[in-house]
Amino acid sequence: MTTADDPQSTTDQAQGAAWRLVPVVVLRQAGFPMEALEPLVDATAAEEAHALLESMDRLASLARELKPVLRQHRIPGCPQTASRVGRRRPLTGRELRRATAALPDEAARILHTYQASAETFGGEQEAFTARHRTRLDRARTAVAEAFGDERLRQVLLLSNDSAYPEFAAWLDTFQGDMGRHTRRMTDLLTMYLQRVTTKNETHSHFGPFTVGRVGDAPGIAWTSEREMERRTLFSHWAAEKVAQSAAAVPGLSDVVRPRRRPLSFLRDGRIDLYAFTTRDGLDTDWNFRHLGGREVAAHEEWLWRRCDGERTLHELRAEWDTELGSPAPFDQVLKELVAREWVVAEFEIPVGDHEPLAALRRQLLSAPPERAAPVLSAIGHFEEDLARFAKLPLAERPAALAATKARFEKLTGTPANRNSGLHYADRSILFEEAHGEPVGLTIGPDIARFITDELSIVYETVLARPRLRMRRERAILTRWVAERFGADVEVPLDRLYSEFFRDRHALEGECAAVEAELAALDRVITEALLGEGGVDRPEVVVERDRMEAILAAHPRTPSAVVDPDVLFAATSRQALREGRFTAVIGDCHAVREVITHTSFGPLIQERAPELLPEVHEGYLSLLDDGEVLANLSRGHPDKSSTQLVHPCYDLEVYGRSGQSRDRVVQPSQLYVVLCDGRLELRAHGIAGRLRLMAPPAADRASVRTRSPRSPSRATSAGRDWTPPPWSTFPVSSAAVWSCNARPGGSLPPGCAVRTCSTAPRDGRVHRRPRSSSPPAG
């Protein structure tokens, strides 16, 4: 795309140019009904609390009136009187008598009014406290009784299995005592209960998903229901621990296939290493750093070059002896390259693989059978455990998991849990997904039009800021490349890095101007959305024309891929079919397509084999002539890093790609070149300009309630730097948006539909006006 000449507005709105909906959808449901919270609800508590607060406000007003009077007229022998009034406490009898005698008549009248109000408020507060303690005790008992449901206990097991024995022991022995330990346990259990009833969770039976398609029948419907199907999977991190155990077995490491660390670069006899500071693909506060480098000897360069991810250690060692004549001990040189993080020489589980144990087995099949047998046997047992665990009666699963964890710890010598207290942390060695009960799920053409047309204003608003950042920063980068290197010059990626670091401070001023422009756009959008009323309102109604007028001043480029999480609220299935619902967008993911890049993606693909081809075709429709699509292999910090293997090139950024090695692109192959005013990202050995599915770092870009932010920014701390905007799709996020599609919607049990939409190549969107009548079927 050419962004150096950046028009400030779009004038022609092509009719028919609309967001394209991938016809595969995923319905994700809350695991338990909201009605499960009813025993914890007491409407009178809120009414009483409001009344108490009103009494407190009246008392505070009297205290403000009385306090300066007491300071003006000192009360003999009562130095704490003013302080007591400041804390809205009644005076003691002695203080009241002395103050009455010392104060003028009008001041004494104010004092007695305050005293009566303080005593009344104290009594009301004591009564409310007693009633509320009774309510809390009743609610705590209800919470404990709710977890008598074995399905809810499974929530505890699968969410936090290391703490499950404590939860289970307490629940089994709870006899109604309301001490401190009960308060602690029920507070925790209440949070779990609230989460699984009000949120579309991402785990097992408390977040089941159903695959569906765009159909002909209006609304959201399914033909029948079947028993839920659980699928238990081994965590990627746990498989990596098993892989480390395999590498420690004498003789097994000979079949390891070392590869160069992707961001290590060789130039003029020197290797330099760069890295993203998070090193694991997370999206918070990541930067790009030069970790250093040094000159290398000829034999070190020889070995580094041949670590291509294809040759085994056995083959490299043989070539070392025959071609170089063993200039130094092979293992010693390899160890040095690994220690400097220039080479990865271990059994690696490919990034995104949802069957990591099977991936490890494939690597071990070429090893001597007698040496690989113990590890292969352990892998087989773990896989049997997974299949058995998914089908076991719920009450038997805790003991089965404990046995699996014990075998894991014996094999690896590491704990079977990690990252205590963190979210999305894959704490356990296994996790579980579940196919939901609905069969034959479809969303109608009316819902499809609602998602692509009516909600398009949301996508365009969310994307406005990151799109503006990408256009502006691309222009800055283009000018800088022109001045620093000139046109038609192939600039290797490492040279681009080093020169950008050198000129970083000079570029900060230009980037600061972009930040100011983005902040101005934020203010305009915020004012349009909220007006002058602020955020302390239950609802803000925004006219569509108001937002369209703002967005018309900004080009709808670059094109984008968006996965909106649309929550539909309706009174019944019939209301859904008739289009009487409220739609809420909870998240608007706009980096890599989410369904093919998440933990349940492979299971969706099993039920809908057309998913990957449809999504990939959507990507291809966004490419300009001469562009080539490339995915990325970054890190695999948790289960949400699972990804299907798209039939395209794959850029290795950190972890090992699951793509065949002939389709893997190394950063050392990349270069940029300025051709006819357009900055292009290319790779040696590939014909065409590369278009990356996402930036080289930041796996998750959907961040709730924060302004959309593109990860393309120079920083000023040390040598930290975030790379310039590549040829990617825009990164965006969204807060909560609500659209009343038709009158009559109300809050139902949780029901969220995730869909994937792609913007047209020219970025322009055709929107139909909102209609008050049901859409045509």
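This note goes through selected backbone features of a predicted model.

1. Conventions. Local features need pLDDT of at least 70 and side-chain atom pairs count only at pLDDT 80 or more, while totals for chains, interfaces and linings use all residues. Residues are numbered from 1 along each chain as its sequence is written, and side-chain values use heavy atoms, with hydrogens and water left out.

2. Helix H16. Of its 29 residues, 25 are buried; buried means under 20% relative accessible area, exposed over 50% and partly exposed in between, with a 1.4 Å probe and protein chains only.

3. Bend in H16. The helix bends by about 40 degrees at alanine 464, and proline 466 follows within four residues. The bend is the angle between axes fitted to the seven residues ending at a residue and the seven starting there. After H16 comes glycine 486, with a positive phi near 90 degrees.

4. Sheet S8-S9-S10. Three strands form an open sheet in that order, with antiparallel pairing; two strands pair if DSSP finds at least two bridges between them. S8 and S10 (288–295) are the edge strands, each pairing on one side only. S8 and S9 are joined over four bridges, and serine 264 has leucine 273 in S9 as its bridge partner.

5. Aspartate 268. The loop between S8 (264–267) and S9 (270–276) holds aspartate 268. Its phi is positive, about 55 degrees, although the residue is not a glycine. Aspartate 268 is exposed, at a relative accessible area of 77%.

6. Hairpin S21–S22. These strands pair in the antiparallel sense over six bridges, and valine 672 stands opposite leucine 681 in S22. Two residues lie between the strands of this hairpin. Aspartate 676, in the loop between S21 (670–675) and S22 (678–683), has a positive phi near 50 degrees and is a residue other than glycine. Aspartate 676 is exposed, with a relative accessible area of 81%.

7. Cis peptide. The bond joining threonine 557 and proline 558 is cis, with omega about 0 degrees. Proline 558 sits in the loop between helix H18 (544–551) and strand S16 (561–569).
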